[in-house]
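Here is a short report on side-chain contacts. Please keep the sequence and the structure at hand while reading.

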Amino acid sequence: MPSLHDAARGRILFGGDYNPEQWPEEVWADDVRLMKEAGVNTVTVGVFSWAMIEPRPGAREFGWLDRLMDLLAANGIGVVLATPTSSPPPWMGALHPETLPRTEDGAVVNYGSRQHFCPSSPVYRRYAAALTEDLAARYADHPALTVWHINNEYCTHCWCDETAAHFRRWLASRHTTLEALNDAWGTAFWSQRYDTWTEILPPRRAQYIRNPAQELDFKRFTSDALLECYTSERDIVARHTPHIPVTTNFMPLWSGQDAWAWAEQEDIVSVDVYPDPADPHGGQYNAMLADMTRSQARGPWMVMEQAAGAVNWRDVNHPKPAGLNRLWSLQAVARGADAVCYFQWRQSRQGAEKFHSGMLSHAGEEGRTFREVRRIGSELALVGAEVSGTGVSAEVAVLHDWDAWWSSTQQGRPSSLVSYTELVQAWHRGLWESGISTEFARPGADLSAYRMVLVPQLQLLGDAAVDNLVAYARGGGTLVCGFFTGVTDADDRIRPGGMDVRLRELFGIRTVHEWWPLDAEATVECDGFRGTLWSEELEPDGSAETVAAYRGGELDGLPAVLRKGTAWYVSTLPGPEALRGLLGRAAAVAGVRPVLEGLPAGVEAVRRGELLFLLNHGRSRVAVELPGRFTDLLTGAGTDGGLELDRYGVAVLRGVSA
């Protein structure tokens with residue numbers, strides 16, 4: 001199976017989306033000149049080019065793309081060639097309105113933007129397959145081709161009649177019989193029992209709260225329907241070029257795709273990463289997405305898109321201060337990326353994203369953005385040979401699961417203030433600020449390699465996943481579990497007792513009497529800290545240690561944090577400092593240590609292969625003590641016992657033998 005290693009060939013791939021069809025052809029030569037100046041060695045081409053290649057049904061206009069591919073190959077720039085199927089041309093929607101998606105209310109989502117296709121539409125799939133077939137046949141042997149990029153940011157949802165028929169087929173395959181489906185969905189409630197398959201619809205707009213199990217299955221189905229579109233095109237290009245790796249770009253922490261399942265179908269796992277420059281925790285968010293993507297890839301991964309400056313979709317779109325683009329790019333490399341790319345190369349002058357930054361901004365080659373891009377390109381060339389293909393080791397895993405995420409978003413839940421993704425980020429932040437390397441894993445994965453496993457929240461847990469967690473903890477692994485976990489089974493059915501009995505026994509909980517969610521600004525006093533967002537009325541069974549108790553209010557004296565052997569249960573969300581301290585305490589007991597002790601606040605240390613990356617996320621110059629002698633690959637300077645990092649400064653250190 002081809003991989004990112006085959007495309008990188010001992011380098012860090014560096015470049016971005018290139019959309020030359022937006023510009024006169026005489027600009028292309030200047031683009032190539034500046035790409036070479038910036039150290040760009042790869043560009044993504046064709047993502048939104050369907051209307052250029054097929055201006056009318058069945059037509060093929062490849063001449064411009066031939067010239068572009070030849071130009072890039074002649075200048076040593078590889079191509080990530082995209083199938084342009086994320087944005088069908090206007091003629092498709094006009095001639096085949098059944099290819100357009102419908103909303104929950106039945107309204108048509110018209111063309112005029114992008115991603116305007118129904119994933120279940122056989123007409124859309126037929127046109128997409130035909131174009132992909134011709135694209136793959138034409139460029140299979142082209143020397144510029146290094147990676148296939150299928151579609152772009154799969155994110156379409158549809159509730160149309162074609163989707164309904166597809167959903168019913170999917171349900172019949174999953175549940176086999178209507179009796180099994182009625183049982184799984186709990187259709188005895190509110191007289192929802194189905195007597196024939198044709199009665200079943202996608203969860204469209206309803207009078208009141210919709211069936212949560214039906215919604216859960218529809219989210220599973222939508223991820224699978226989009227995956228069918230991906231694998232159909234992937235199989236076409238793989239048949240023509242079995243030696244060329246294939247990818248599609250994830251949107252990070254987006255609920256519409258089960259990225260664990262999708263990653264298994266990709267040769268390269270790639271992601272689009274857009275932290276907010278104004279977010280004080282942007283560096284931690286960037287690190288979390290890197291850890292998550294590396295874990296899905298089980299090795300090196302690809303930043304398919306990031307911004308060189310401001311984006312265009314936030315209420316206020318802040319540019320990146322000088323040095324931040326470099327810091328976050330090298331942070332991705334430190335955490336396993338073998339490709340650092342952008343949307344896009346040249347900033348657009350027209351269209352919906354003309355205010356979205358590019359590597360070559362409106363300021364041109366003398367602009368600060370391009371100067372920093374040149375520096376990044378030169379530095380990636382310095383470290384690429386030593387870092388490409390190497391791994392990042394971690395002794396801690398954070399569990400993350402799409403089924404649990406989907407179930408947590410249903411209507412009629414105890415608190416709409418509880419956000420699954422915010423909990424995941426809060427727990428990861430506690431580890432990141434402690435300097436502890438982290439991976440992500442599925443609840444059913446082999447956890448034996450980890451000293452500690454964290455569960456920020458997994459409301460839904462199937463039987464096999466519960467057994468896996470119990471076996472891990474009873475085998476000596478340290479398990480730290482957040483509130484409202486193990487509440488429902490795989491069909492989102494409440495477990496007897498409000499928490500799976502195996503987990504209650506593991507944590508030393510006799511009874512979960514009540515869940516006590518907190519109001520937005522409310523807190524609950526605990527021994528040594530304040531809890532936020534949630535609390536629980538727990539009756540311990542006498543076998544567990546109360547690490548911290550609630551103080552005052554209805555829960556006075558009841559356990560907020562329980563520990564039984566190596567299993568910890570945290571029934572509230574401690575504030576950031578308290579959560580960091582609690583996780584640090586558990587990590588120390590588990591024998592987990594930071595990458596580097598005694599780092600100044602805001603300085604991140606990551607080991608990748610034989611290299612030590614130091615990254616200063618602060619705005620002040622800091623001194624860092626080092627355990628020995630090192631050479632900084634970025635400057636060639638040696639250091640013995642310490643160094644200083646400028647604001648947003650980075651050092652990539654190789655140890656020097658005594």
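Is W190 buried, partly exposed or exposed? W190 counts as partly exposed, because its relative accessibility is 47%. This is a predicted model, and the values here are computed from it. W190 sits in the loop between helix 8 (178–185) and helix 9 (212–240). Together with F189 and Y208, W190 makes a nonpolar surface patch of about 410 Å².

The structure holds 26 aromatic pairs. One of them joins W170 and F221: the ring centres are 6.1 Å apart and the planes stand at 70 degrees, so the pair is edge-to-face. W170 lies in helix 7 (residues 161–175) and F221 in helix 9, so this pair ties together parts that are 51 residues apart in sequence. Both residues, W170 and F221, are buried.

Y230 and W262 form a tilted pair, with 5.9 Å centre to centre and 35 degrees between the planes. Y230 and W262 are buried.

W170 and F221 also belong to one aromatic cluster, along with W159, F167, W185, Y194 and F218. Elsewhere, a charge meets a ring: R346 lies over the face of W23, at 5.2 Å from the ring centre.

**Salt bridges**

Side chains of opposite charge can pair when their charged atoms come close. How many salt bridges does a search of the whole structure find? The search finds 50. Three of them are set out here.

| Salt bridge | N to O distance |
|---|---|
| R60 and D134 | 2.8 Å |
| E379 and R326 | 2.6 Å |
| E525 and R530 | 2.6 Å |

Take R60 and D134 to begin with. R60 lies in the loop between helix 3 (50–53) and helix 4 (63–74), and D134 lies in helix 6, so the bridge ties together parts that are 74 residues apart in sequence. R60 is partly exposed, with a relative accessible area of 27%. D134 counts as partly exposed too, at 31%.

Next come E379 and R326. E379 is in helix 13 (residues 368–387) and R326 in helix 12 (residues 324–334), so the pair ties together parts that are 53 residues apart in sequence. Are these two side chains buried or exposed? E379 is buried, with a relative accessible area of 6%. R326 counts as buried, at 6% relative accessibility.

E525 and R530 remain. E525 counts as partly exposed at 34%, whereas R530 counts as exposed at 52%.

Salt bridges link R346 in a network with D30, D31, R33, E37, E365 and R374.

**Cysteines**

The structure holds 0 disulfides. C118 is in no disulfide; the nearest cysteine sulfur belongs to C158 and is 3.6 Å away. C118 is buried, with a relative accessible area of 0%.

C526 is in no disulfide either, and its nearest cysteine sulfur, that of C481, is 16 Å away. C526 counts as buried because its relative accessibility is 5%.

**One histidine**

H116 lies in the loop between helix 5 (90–95) and helix 6 (122–139). H116 counts as buried, at 5% relative accessibility. H116 and V595 are 479 residues apart in sequence and 46 Å apart in space, C-alpha to C-alpha.

Conventions
Residues are numbered from 1 along each chain as its sequence is written. This is a predicted model: local features need pLDDT of at least 70, side-chain atom pairs count only at pLDDT 80 or more; totals for chains, interfaces and linings use all residues. Side-chain values use heavy atoms; hydrogens and water are left out. Patches are made of residues with over 30% relative accessible area and no salt bridge: like charges are joined within 9 Å, nonpolar side chains (Val, Leu, Ile, Met, Phe, Trp, Tyr) within 5 Å. Accessible areas come from the Shrake-Rupley method with a 1.4 Å probe; for residues, only the protein chains shown count as cover. A salt bridge is a side-chain nitrogen of Lys or Arg within 4 Å of a carboxyl oxygen of Asp or Glu. Helices (H or I, at least four residues) and strands (E, at least two) are DSSP runs, numbered from the N terminus. Buried means under 20% relative accessible area, exposed over 50%, partly exposed in between (1.4 Å probe, protein chains only). A disulfide is a pair of cysteine sulfur atoms within 2.5 Å. Rings of Phe, Tyr and Trp (its six-membered ring) pair if their centres lie within 6.5 Å; planes under 30 degrees apart count as stacked, over 60 as edge-to-face and the rest as tilted. A charge sits over a ring if NZ of Lys or CZ of Arg is within 6 Å of the ring centre and within 35 degrees of the ring normal.
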